[in-house]
Amino acid sequence: MEVRKTDNTCIDLGDKCVHCKQDTSFGSGRFVNRYPVFGLDPDMSGIEYDGYCCDECEQEWIKENES
Ligand SMILES: [Zn+2]
């Protein structure tokens, strides 16, 4: 099997949400229910983000994906 090396850029957002780019650190108001995200490419641009997903974006995602 051929293993292709990806040249994707990975940006470390630290405590920021990978979706809304808001700070999710303790005391920011978005700390509760955040969860870590690694290598997310939200718009298929080849740029991956490491960071967190805040609860607000999680709830948005759930709303959009339930039918
Ligand atoms: Zn968010």
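Which residue in strand 3 is the bridge partner of Thr9?

What we have here is a predicted model, so to speak of local features we need pLDDT of at least 70, and side-chain atom pairs count only at pLDDT 80 or more, while totals for chains, interfaces and linings use all residues. Residues are numbered from 1 along each chain as its sequence is written.

Let's begin with the layout. The chain has 1 helix and 3 strands, and along the sequence they come in the pattern β-β-β-α. Helices (H or I, at least four residues) and strands (E, at least two) are DSSP runs, numbered from the N terminus.

Now the overall dimensions. The radius of gyration of the chain is 14 Å, whereas a compact globule of 67 residues would be near 11 Å. That radius is taken over C-alpha atoms, and the globule rule is 2.2 Å times the number of residues to the power 0.38. Along its principal axes, the C-alpha trace spans about 45 × 30 × 20 Å.

Back to my opening question: the partner of Thr9 in strand 3 is Ile47. Strand 1 and strand 3 run parallel and are joined by 5 bridges. Strand 2 and strand 3, on the other hand, pair in the antiparallel sense over 4 bridges. Two strands pair, by the way, if DSSP finds at least two bridges between them.

What about the interior? Buried residues make up 18% of the 67 residues. A residue is buried if 20 or more other C-beta atoms lie within 10 Å of its own, exposed if 12 or fewer, and partly exposed in between, with C-beta atoms placed from the backbone. The largest nonpolar core has 7 residues: Cys17, Val18, Tyr49, Tyr52, Cys53, Cys54 and Cys57. Strand 3 (residues 47–53) gives the most to this core, with 3 residues. Such a core is a set of buried Ala, Val, Leu, Ile, Met, Phe, Trp, Tyr and Cys residues joined through C-beta atoms within 7 Å.

Finally, some backbone angles for you to look at. Lys21 and Asn33 both sit in the loop between strand 1 and strand 2. Lys21 has a positive phi of about 60° although it is not a glycine, and Asn33 has a positive phi near 65°. Why is Lys21 called exposed? Because 11 other C-beta atoms lie within 10 Å of Lys21. Asn33 has 12 C-beta neighbours inside 10 Å, so Asn33 counts as exposed too. Met44 also takes a positive phi, near 55°, in the hairpin of strand 2 and strand 3, which has 6 residues between the strands.

Glu66 counts as exposed because it has 6 C-beta neighbours inside 10 Å.
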